[in-house]
Amino acid sequence: MGGWRWYRVLAEEAGLEEYKCPGCNWSVETVYVYAPSYEGALELIKMGYGLCAECMAEAVIEAEGRLSGGEND
């Protein structure tokens with residue numbers, strides 16, 4: 001069994017027609033959630049814990065201090 005990681009899930013995969021990001025209230029089709037498994041990610045999204053891409057990036061930056069993969073890495 002693996003550790004927690006970020007999952008990218010379409011809202012329809014979680015059985016939702018629409019998903020509003022709790023961080024910014026935008027309606028999005030693609031939801032990002034930090035979860036222990038894909039099944040766990042689906043459950044967390046149904047409970048409203050997923051984020052849009054922008055809010056996910058902000059959460060990662062807040063937790064890690066920066067995003068890697070840039071020219072200065």
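Guide: Let me begin with a rule: a charge sits over a ring if NZ of Lys or CZ of Arg is within 6 Å of the ring centre and within 35 degrees of the ring normal. Arg5 lies over the face of Tyr7, at 4.1 Å from the ring centre. A word on the source: this is a predicted model, in which local features need pLDDT of at least 70 and side-chain atom pairs count only at pLDDT 80 or more, while totals for chains, interfaces and linings use all residues. Residues are numbered from 1 along each chain as its sequence is written, and side-chain values use heavy atoms, with hydrogens and water left out.

Visitor: What pattern does the chain follow along the sequence?
Guide: The pattern is β-β-β-β-α-α, from two helices and four strands. Helices (H or I, at least four residues) and strands (E, at least two) are DSSP runs, numbered from the N terminus.

Visitor: How many aromatic pairs does a search of the whole structure find?
Guide: The search finds two. Rings of Phe, Tyr and Trp (its six-membered ring) pair if their centres lie within 6.5 Å; planes under 30 degrees apart count as stacked, over 60 as edge-to-face and the rest as tilted.

Visitor: Why is the pair of Trp4 and Tyr34 called tilted?
Guide: The ring centres of Trp4 and Tyr34 are 5.8 Å apart and the planes are at 40 degrees, so the pair is tilted. Trp4 lies in the segment before β1 (5-10) and Tyr34 in strand β4 (residues 30-35), so this pair ties together parts that are 30 residues apart in sequence.

Visitor: And what makes the pair of Trp6 and Tyr34 tilted?
Guide: Here the centres of the Trp6 and Tyr34 rings are 5.5 Å apart and the planes are at 55 degrees, so this pair is tilted too. Trp6 belongs to strand β1 and Tyr34 to strand β4, so parts 28 residues apart in sequence are tied together. Trp4, Trp6 and Tyr34 form one aromatic cluster.

Visitor: Why is Tyr34 called partly exposed?
Guide: Buried means under 20% relative accessible area, exposed over 50%, and partly exposed in between (1.4 Å probe, protein chains only). Tyr34 has a relative accessible area of 42%, so Tyr34 is partly exposed. Trp6, with 31%, is partly exposed as well.

Visitor: What makes Tyr32 buried?
Guide: Its relative accessible area is 17%, so Tyr32 counts as buried. Tyr32 is in strand β4. The C-alpha atoms of Tyr32 and Arg8 are separated by 4.6 Å, although these residues are 24 residues apart along the chain. Contact means heavy atoms within 4.5 Å. Leaving aside neighbours within four places in sequence, Tyr32 has contacts including Trp6, Arg8, Cys52 and Met56.

Visitor: Which residues touch the most other members of the largest nonpolar core?
Guide: They are Tyr7, Val9, Tyr19, Val31, Val33, Ala41 and Ile45, out of 20 residues in this core. A nonpolar core is a set of buried Ala, Val, Leu, Ile, Met, Phe, Trp, Tyr and Cys residues joined through side-chain atoms within 4.5 Å. β1, β4, α1 (38-46) and α2 (53-64) each supply at least two residues of the core. In soluble globular proteins, nonpolar side chains tend to be buried together.

Visitor: How do you know that Ile45 is buried?
Guide: Ile45 has 2% relative accessibility, so Ile45 counts as buried. Ile45 lies in helix α1, and among the residues in contact with Ile45, apart from those within four places in sequence, are Val9, Leu16, Val31 and Val33.

Visitor: How many disulfides does the search find?
Guide: The search finds zero. The nearest cysteine sulfur to that of Cys21 belongs to Cys55 and is 3.7 Å away; Cys21 is in no disulfide. A disulfide is a pair of cysteine sulfur atoms within 2.5 Å.
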